[in-house]
Structures are given as C-alpha cells and as structure tokens.
Number of protein chains: 2
Amino acid sequence: MIIDCHGHYTTAPRALQAYRDAQVAGLENPTHPQTKGVVAITDDEIRESLENAQLKFQRERGTDVTIFSPRASAMAHHVGDRTTSLHWSQHCNDLIARVCALYPKNFVGVCQLPQSPGAPPDSCIGELERCVNELGFIGCNLNPDPSGGHWTAPPLTDRWWYPLYEKMVELDVPAMVHVSSSCNPNFHATGAHYINADTTAFMQFLTADLFVDFPTLRFVIPHGGGAVPYHWGRYRGLAQDMKRPPPGDLMRNNVFFDTCVYHRPGIELLVSVVPSDNILFGSEMVGAVRGIDAETGQYFDDTKRYIDALTSIGAAEKRKIFEGNARKVYPRIAKAIA
Amino acid sequence: MIIDCHGHYTTAPRALQAYRDAQVAGLENPTHPQTKGVVAITDDEIRESLENAQLKFQRERGTDVTIFSPRASAMAHHVGDRTTSLHWSQHCNDLIARVCALYPKNFVGVCQLPQSPGAPPDSCIGELERCVNELGFIGCNLNPDPSGGHWTAPPLTDRWWYPLYEKMVELDVPAMVHVSSSCNPNFHATGAHYINADTTAFMQFLTADLFVDFPTLRFVIPHGGGAVPYHWGRYRGLAQDMKRPPPGDLMRNNVFFDTCVYHRPGIELLVSVVPSDNILFGSEMVGAVRGIDAETGQYFDDTKRYIDALTSIGAAEKRKIFEGNARKVYPRIAKAIA
C-alpha cells in the first residue's frame, strides 16, 4: 500500500470559496454579527472536483490513499478573529469528512485548526476533538505563524502551545507543521513562506527540550523538511556546537519529513542524510506546483517516480517511506482504512 | 588562486564588542546625544585575532584570499536608529580596512551598510561610496530585513531599494544578501533566519523584473542559496506555472550562490542543479559552525574539501567556482589583489 501523507483539497467546489469571500466581506462591517452560515455543495460536485484531479492522479501514479486536509493556503488564520477562523475551519473540515465518506478507500482526514493570532492554542482543542472523535480524522495541521508572515506567535517549543500538545498526545494524533498564505509582501507563500516555516520549526525543535516533555508527540515537517537536508552538515554542526542532540537523534520518534521535493537530486539527498525511519511519502498533489517538467515529461509533483528510481535504498526502506512510517506516525490510520 | 567570497571578522579584538556594548547601553538614555567615539585596537591585536583563526585556516586549507566583511550577526541594524547604525558600521568597516592593509594578499574588504528599520536605502550610499572609493572595498552586505526577524522592509525588488542599486551599478560592486541577528524568538539566527532570508530573497527575485531594470546588478545569495538548490524542481515548477524565467535563466548574470554548505551531499546537489557559472566558493570561515565533524575528522566549514572531492564537474568548472566567478562578480578584486 502506498500512503501519500500530504494532500490538500485545493480543488474544492466553487461554493466553498464563495462562502469564504462572503465571510471575509462581512468582516468589513464590524457591527455585523458573525454567523456560521451554510456551504451548499452536493455530493456530485465533490465527486466531480476529485475525479479529474486527486483520484485521477492516484490511479495514474499508483498511490492508494491520501491523508487529506483542507487547502493550506486558504486557512488564512490571520483573517478576522477566532470566530471567523472557527466557522471557516469547521466548514473546511466538514467538507474533508464528506470526501472521506464518499471515498473511504482513497482519503483519510486531517483537520485545519481554528487558530487565530494571539488566541491561545487550547482554543483549538474542541475542533481537534470533534474532528478526531466524531469525523474519524487522524491528525491536524498546525500553523506555527497564525499571523500569516509576521511571526508574532511564540516558538512551537514554548509552553504556550502545551495544552494543545497534551490533547494531541492523548488522542495519539500528530500535527503537520504547515503555515498558510502570507500577508507579508516579503514572503511568497509556496516559494518562501512554506519552506521557511519548515526550516524554522526544525531549528526550534533542535534548540529546546520539547520532546523530553512530550516523548510521544509527533510532527511532520512538510516539503522535505524545508532547507534542513540540504544543510544537514550545518544542523549537525550547530547541534554539536550547542551541545544539543544530533539532528538524527532529535528526529527519531518525534520529527518526520515528507517527500514533497520536486526533482530527483533533491530526493536523493533527502534519503542520503535523513534516516529512512523518518521520511514519509508525500506529494502535495494537487498543490503548489502543477505543471509538467519539460526535462522529464512528468509532473513535477509526481514524487513517487523519484523514489521508485532510487538505487541508494532498498525495497524495505521504500516500504517504510511509502507505508510503514505513515502507519507509525498516524496510528489511527489503521482503523480508518481497515 | 582560490578566493573565498564569504568571510566575516568574527574574531575581532574584544575592544570592538566593548565599544558596541557601551553604545547600546548609551541608548537607554534617549536624552544622551549619540557620539561616534573611538574603538581602540592596536595592529598587534588585529594580527593576533587573525593569525590563529582565518589566516591559519587559509594556510591549512590552501585558500588564498578571503572577501572579508564585518561580523554579520553583529550588524544588528534593528538596534537604535540610523545614527547608531552609522557609527557602528563605520567603525566595523574601518577595522576591515585595517585588516586588509595589514594583510593585503589575504583579505579584500566588503562593507556593512548603515541600514536601520524604516530608513530609506539611499541613506547607505555615503558609507558605500566611502568604503569603495576611499577604503578600496569591492562590495557590500545588504540586509533584506533590517528589523531583525520582523520583516518590515519592502521586498528587495521594490523600487524603495532602487537608489542604492543605482549606486551599486555605478560603482560596479555586488551585494551579498545577508541578514543579521534575529530579535524574533521564532528564528534562530544562523539555523533559521540566515537560511530563510536566502530562500526569501531568491523568490523575490524570481517573481519580479528587477534585473530587467538593472541588467548589471549582481547579488550573491549566501549559504548555498538557502533552500533553493534542494528545491530546484519546486522553483523550476513555480517559475513555469507563473510564466516567469526558469531559475537558471534568472540567475545568469545577476544571482550567484556561495558554497557555504557543510557536507558533501549538499555540495554535490548544488553543483548538480545550479550552473557552475553561478557558484562562488565560500566557507563562512570562521563563522556559524566551528566544530570538527566526527564523521570526517575535518571541519564542517572546510568546504574546499567537498569541492575538491567532486567528480561530477571538471577542473575548468572548479576553477570558475574557486576564482573565475568571484572575479566576474566582484570586478574590483582585480585591482585589490594585483
């Protein structure tokens, strides 16, 4: 079985964006009470949005199941307040639940959290519990920068986040560290903000004792771990200079990278430095990069091809990357795809 | 000849930091007028600070000349105001000039700019001209985030920066894009902020027409180009989706990466995707990572070893990386080391 740990519902029917546009427009009048409202989407519209996109690519590329969450760039936690974020997150998560109900063999849900700048993370616990206990989701996406590029929240290793981590540990669900769109003109979302956040989170983990406090807490850092594998020597050296655990030891049971790296040399580097126990297959499909690489004639984000082509690791390691590690990091997946 | 394009005076005599400490302490009393003051350092102290550090490593590693600038993490443009920054920058630059005068075969100067949050970049022109025309410097370090991790300045492609670029073009000097320390607790300086800034700058360049407006403007993005080579497929794909020039075309005459990547797999990746015309040898020595890698028994930042060991490129390409490209990007070096 091949599990893609990183897919977002980037192709959702238009009614979802129409809801969001109306919600955001409503914020212009602060005396107007925020109401949750309705997202009117039919099952047929959901089927249509997936059949020629994620499902088609699953079939063509030979992957089985996608760990699926709302569109990351649309989370936009910086818009409005925590009520805005809660309404929007619940609608997005409900839509993912409908996708999973329609295609239980193809998709397993991961939720967007109703984060909001300055709002304490325990305000997300209710929605996390709802998604895991009632909708059958197996993890969450955690935004380390709800401000959207201004980085005003405490580091992920700050005790400020601990109430949420306690709940994640209790529910036995991991978080993918995933920022959303950037409202800072310095940061292109998918070309800078995403990758920067990955690198930033790793360095936060490396310099604190978070996993001493939470030995079973698990994070997936997407996009191949940001810049970390390319600078693996730098991180090994910094850790050594600071008398911190080597990066490989830090990661062991707690930090995992996906394979959303869109060329073969990058994937080769990833598997050459990062332990194969800490790599999860992911493609971000349909996501940041949608084109076909003229050099290969294949989609940039068809990351399975790069792994299939690797000769530096064997079949057992590939099975871990394609399936075993995802089952370990997201243990609730076993029941979801039983 | 082997030219190291990236060295900072991280080992400066203590009197420099003592000056800075007093300067910063003086800011606590805002009614106290800022005075430039004196940094009292003898030539012998300068010699001593280099003989067992940068000079020793040059000899041991077989490099010839280092393009040398003030300590990047100490620029701290976010401290005080533009007067603070000007006094501090002038002292730091003067010290570099003394290093170059004492060891004219070993060091060529690059200046720190007196940037300050909100201060327009043309306020740096005077110091740039002084350093180039009077001190014989061949380039500058440009901080894309003078706020120190809050990213409040416009992107490097904004016309806000153009007056400085006009002067750089007139003087025929490049800038290394280099942030300083971070006062945002999210960003570890050398482990996150530096690398993020590199990635951020590249994506800014990729999404704007800066080099149409300034065909001869040149930037060195240090630390191996941040995350860019590892995600080369992502950048190629994003550029294609956005109908922007491919990254290799963007870089051609304008954007260059150094080799401050502290392990061989990273260097191998760098040269496998980035044109060898756009790579400059650099080590950041003595810099972010100072230890010896137990796996190799060599210093992490002895990047010359990784390049020497490469078999994927030939002698001609190595000569470009070690010397030719630096002469092209920093044309004033010819006179400085004649």
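How many residues does the contact take from chain A and from chain B? In this predicted model, the contact takes 57 residues from chain A and 57 residues from chain B. The two chains bury about 4,400 Å² between them. Of that area, 54% lies on carbon and sulfur atoms. On the side of chain A, the residues that lose the most area to chain B are A:Asn186, A:Tyr230 and A:Arg234. Together they make up 20% of what that side buries.

Confidence scores accompany the model. The ipTM is 0.98 and the pTM is 0.98. Chain A has a mean pLDDT of 97. In chain A, 100% of residues reach 70 or more.

Polar interactions were then counted across the interface. Six salt bridges are found between chain A and chain B. A:Arg234 and B:Glu284 meet through their side chains in a salt bridge, with an N to O distance of 3.1 Å. Residue pairs in polar contact between chain A and chain B number 36, with both residues at pLDDT 80 or more. Four elements of chain A each give two or more residues to the side that touches chain B: helix H7 (189-206), helix H9 (232-241), helix H11 (264-273) and strand S10 (292-293). H7(A) gives the most, with 10 residues. By class, this side of chain A holds 28 nonpolar, 22 polar and seven charged residues.

Within chain A, A:Leu50 was examined individually. This residue sits in helix H2, which spans residues 43-51. A:Leu50 counts as buried because its relative accessible area is 0%, below the 20% cut-off. Leaving aside residues up to four places away in sequence, A:Leu50 touches A:Tyr9, A:Thr11, A:Leu55, A:Lys56, A:Phe68, A:Val99, A:Tyr103 and A:Phe107. A:Asp277 lies 227 residues from A:Leu50 along the chain. The C-alpha atoms of A:Leu50 and A:Asp277 are separated by 31 Å.

Helix H5 of chain A covers residues 125-134. Its buried residues are A:Ile125, A:Glu127, A:Leu128, A:Arg130, A:Cys131 and A:Val132. A:Gly136 follows H5(A) and has a positive phi, near 80°.

Notes: Residues are numbered from 1 along each chain as its sequence is written. Chains are lettered from A and ligands numbered from 1 in the order in which they are written. Side-chain values use heavy atoms; hydrogens and water are left out. Contact means heavy atoms within 4.5 Å. Buried area is the accessible area (1.4 Å probe) that two parts lose on being put together, summed over both. A salt bridge is a side-chain nitrogen of Lys or Arg within 4 Å of a carboxyl oxygen of Asp or Glu. A polar contact is a pair of N or O atoms within 3.5 Å; within protein, one must be able to donate a hydrogen and the other to accept it, and residues adjacent in sequence count only if both atoms are side-chain atoms. Ala, Val, Leu, Ile, Met, Phe, Trp, Tyr, Cys and Pro count as nonpolar, Asp, Glu, Lys and Arg as charged, and the others, Gly among them, as polar. Buried means under 20% relative accessible area, exposed over 50%, partly exposed in between (1.4 Å probe, protein chains only). pLDDT is the predictor's confidence in each residue, from 0 to 100.
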